[in-house]
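Me: I am new to this structure and would like to learn how to read it. Could you walk me through its helices and its sheet?

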Amino acid sequence: MFVEKPLAHGEIIERLWKAARSSRLPHALILEGPRGIGKFLAAKWFSMGMLCETGPGEPCGSCGPCKRVLSGGVRGNHPDLFLIDPIEEEEERIRVTRIALRSDSGEANEECVESFLGLRAFEGRGRVVLVRESHRMNPAAQNALLKTLEEPRPGTLLVLETHRPELLLTTIRSRCVRLGMPSLSARECAEVLSRHGVEGESAALLARWSSGSPGHAIELDARGV
């Protein structure tokens with residue numbers, strides 16, 4: 001699971017860690033904002049900091065929990081972190097079997113949020129569920145997740161990332177604390193582009209054309225715009 005410190009949204013993440021240190025962190029969050037601005041990267045960084053031995057706070061990257069988050073491919077290898085990433089999994093929709101046990105669904109049940117949260121925390125720092133592009137949950141999956149939100153388990157944290165919050169059930173949105181994440185400044189966007197090999201005037205132009213969305217800027221560059 002590749003995690004790098006995000007260039008933007010640091011103030012929001014630091015506020016969340018501060019809330020966690022004072023036991024004021026909500027059990028469910030929605031990180032919402034324009035597509036391609038690094039919300040998911042920030043969510044992974046935040047989750048890693050929640051599980052770090054020195055946390056909640058900026059992850060050290062070298063302790064056992066951090067190394068487990070960083071190892072094991074896309075999903076990481078930390079037993080207290082459950083990641084649903086439909087983009088990496090090449091799934092258009094997030095099905096109900098990723099959220100809840102459904103023996104009558106006619107599908108083989110995969111690892112799911114319900115079974116994950118049914119286990120005790122392995123390392124005593126709580127359990128984190130992170131859902132990328134959570135608006136991809138189909139109606140059955142959203143209704144299944146609603147039960148988890150209505151009956152939160154102690155020591156668990158659910159983080160939903162999305163650029164289409166209006167596609168989430170009203171009942172889901174009302175049971176989560178919603179955090180709006182803004183577009184990046186032109187400077188921040190250009191710096192992200194430099195990490196992807198786009199430099200100089202090209203980076204500056206793409207940063208402006210993309211309205212502060214590095215993801216969109218990278219797509220424009222790939223199309224030769």
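Reply: We will take the sheet, then a helix pair. The model is predicted: local features need pLDDT of at least 70, side-chain atom pairs count only at pLDDT 80 or more, and totals for chains, interfaces and linings use all residues. Residues are numbered from 1 along each chain as its sequence is written, and side-chain values use heavy atoms, leaving out hydrogens and water.

Me: In what order do the five strands of the open sheet stand?

Reply: In general, strands of a sheet pair through backbone hydrogen bonds, either parallel or antiparallel. Here the order is β2-β3-β4-β1-β5, with parallel pairing. Strands (E, at least two residues) and helices (H or I, at least four) are DSSP runs, numbered from the N terminus, and two strands pair if DSSP finds at least two bridges between them.

Me: Which strands stand at the edges?

Reply: β2 (81-84) and β5 (177-180) do; each has a single partner strand, so one side of each lacks a neighbour in the sheet. β2 pairs with β3 (residues 127-131) over four bridges, and I84 stands opposite V131 in β3.

Me: At what angle do the axes of α1 and α2 cross?

Reply: Axes are lines fitted to C-alpha atoms, for helices over the stretch in contact, and angles run from 0 to 180 degrees between N-to-C directions. The axes of α1 (residues 10-21) and α2 (residues 39-51) come within 10 Å and cross at roughly 25°. Contact (heavy atoms within 4.5 Å) involves I13, L16, W17 and A20 of α1 and A42, W45, F46, G49 and M50 of α2.
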